[in-house]
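The sequence and structure are shown first.

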Amino acid sequence: MKKKKASSSSSPIRHVWRLCSKLTIFLCVLLSLLAFLNIPQLSQYSKLQTPSNHRDDHFEGPPKIAFLFLVRRHLPLDFLWAAFFKNGDAANFSIYIHSEPGFVFDETTTSSPFFYGRQLKNSIQVVWGESSMIEAERLLLDKALDDPANRRFVLLSDSCVPLYNFGYIYNKVMSSPKSFVDSFLDAKECRYNPKMSPAIPEEKWRKGSQWITLVRRHAEVIVDDDIIFPVFRKFCKRRPPKNLSKRSRILNFLAIDFRFLFPWLKPHNCFPDEHYVQTLLAMRGLEGELERRTLTYTSWNQSAIREKRRIWHPITFDYADANPHKTKEIKDINHVYYESEHRTEFCRINSEITPCFLFARKFTCWAAIRLLNEGFLSP
């Protein structure tokens with residue numbers, strides 16, 4: 001009887017032990033499954049999900065500026081940039097171009113040897129207003145980081161022009177220990193998507209110009225990012241073209257005029273290139289290392305459409321616009337006002353007030369020809 005009692009008393013202990021073992025195994029399997037599901041799939045997001053292997057900062061010779069051209073196909077203002085680079089020391093700069101896949105810069109596609117073979121071999125098809133734009137920027141930065149002598153990274157479009165000669169721009173850019181990233185609060189527009197939370201909290205959401213100038217450390221942060229970029233790719237999308245059907249017109253009317261009563265109807269019209277870098281650097285706590293302004297001037301023209309919403313378009317400079325008075329006017333700007341933050345940003349480098357802009361856009365070929373003929377590439 002005693003043995004029977006001993007056996008019966010040990011039975012509940014064995015039962016509890018088996019139950020705990022099974023529960024432990026179940027939890028381990030569940031946690032492993034959740035971890036697997038949360039791993040971003042390489043093919044789903046970017047070619048740059050894994051950290052880059054180019055972190056050797058040792059180099060000989062002078063530090064270089066990497067000029068990163070993000071273009072549709074060819075470089076229409078190559079003759080102007082050729083004059084700019086000819087004025088500088090080849091040891092002080094490098095050139096990288098993201099063009100459409102398969103396009104090659106050679107004697108048949110560009111008038112300047114400066115651009116021969118400077119295209120990326122792994123370029124992608126870029127669509128305006130989509131995440132492919134920032135993926136192309138990341139590809140440019142990734143390639144430029146291969147050269148440890150590249151210490152500054154300037155992103156330029158195919159319609160950008162330099163406002164000064166090479167020596168002046170080189171000295172200004174290299175003398176600042178900070179990146180130049182236009183960044184401000186986006187309080188009025190409906191671009192933040194709540195689905196981005198908690199990866200991107202709304203208080204870290206920023207907006208600014210796409211045209212940035214980075215120090216090497218910040219370029220590495222952007223290339224190595226495998227958290228914020230996938231969120232942008234999934235949730236930051238521009239609004240599709242308007243459907244003119246009666247039902248769509250009613251929904252658009254409700255979304256625009258009654259969005260405060262019906263917040264779930266608020267449309268999200270997000271342009272990744274105007275938010276990604278700014279938001280990422282804010283998320284990383286790096287805003288104190290920025291000059292929160294761009295070095296590239298853009299003139300904006302406000303227009304209205306039938307729904308009485310404000311639309312901003314960058315003005316294109318043609319031959320008549322590229323006159324000495326206008327270029328001097330741009331060069332004389334020394335501060336920028338940010339309406340959403342009620343903030344005036346005086347343009348400084350190392351606490352010294354300086355002209356805000358070293359580059360400008362959007363310039364046509366005829367405008368660039370006039371600038372070149374009038375010898376504007378001087379301090």
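Predicted model: local features only at pLDDT ≥ 70, side-chain atom pairs only at ≥ 80, totals over all residues.

## Aromatic pairs

The structure contains 27 aromatic pairs. In one of them, the ring centres of Phe 103 and Phe 105 are 5.1 Å apart and the planes stand at 75°, which is over the 60 degrees required, so the pair counts as edge-to-face. Phe 103 and Phe 105 are both buried.

Ring pairs also join a set of residues into a cluster. Its members are Phe 67, Phe 69, Trp 81, Phe 84, Phe 85, Phe 93, Phe 114, Phe 115, Phe 166, Tyr 170 and Phe 359.

## Charges over rings

Two arginines are placed over aromatic rings. The charged end of Arg 118 sits over the ring of Tyr 96, at 5.4 Å from the ring centre. Arg 138 lies over the face of Phe 229, and here the distance to the ring centre is 4.3 Å.

## Packing of H3 and H5

Two packed helices are described by the angle and the distance between their axes. Helix H3 spans residues 132-144 and helix H5 spans residues 216-224. Their axes come within 9 Å and cross at roughly 125°. The crossing is left-handed.

On the H3 side, the contact involves Arg 138, Leu 141 and Asp 142. These residues meet Ala 219, Ile 222 and Val 223 of H5.

Conventions:
Residues numbered from 1 in each chain as written. Heavy atoms only, no water. Phe/Tyr/Trp six-rings, centres within 6.5 Å; stacked < 30°, edge-to-face > 60°. Buried < 20%, exposed > 50% of the residue type's maximum accessible area, 1.4 Å probe, protein only. Lys NZ or Arg CZ within 6 Å of the ring centre and 35° of its normal. Axes fitted to C-alpha atoms, helices over the stretch in contact; angles between N-to-C directions. Helix = DSSP H or I, 4+ residues; strand = E, 2+ residues; numbered from the N terminus. Left-handed = near helix turned anticlockwise from the far one by under 90°. Contact = heavy atoms within 4.5 Å.
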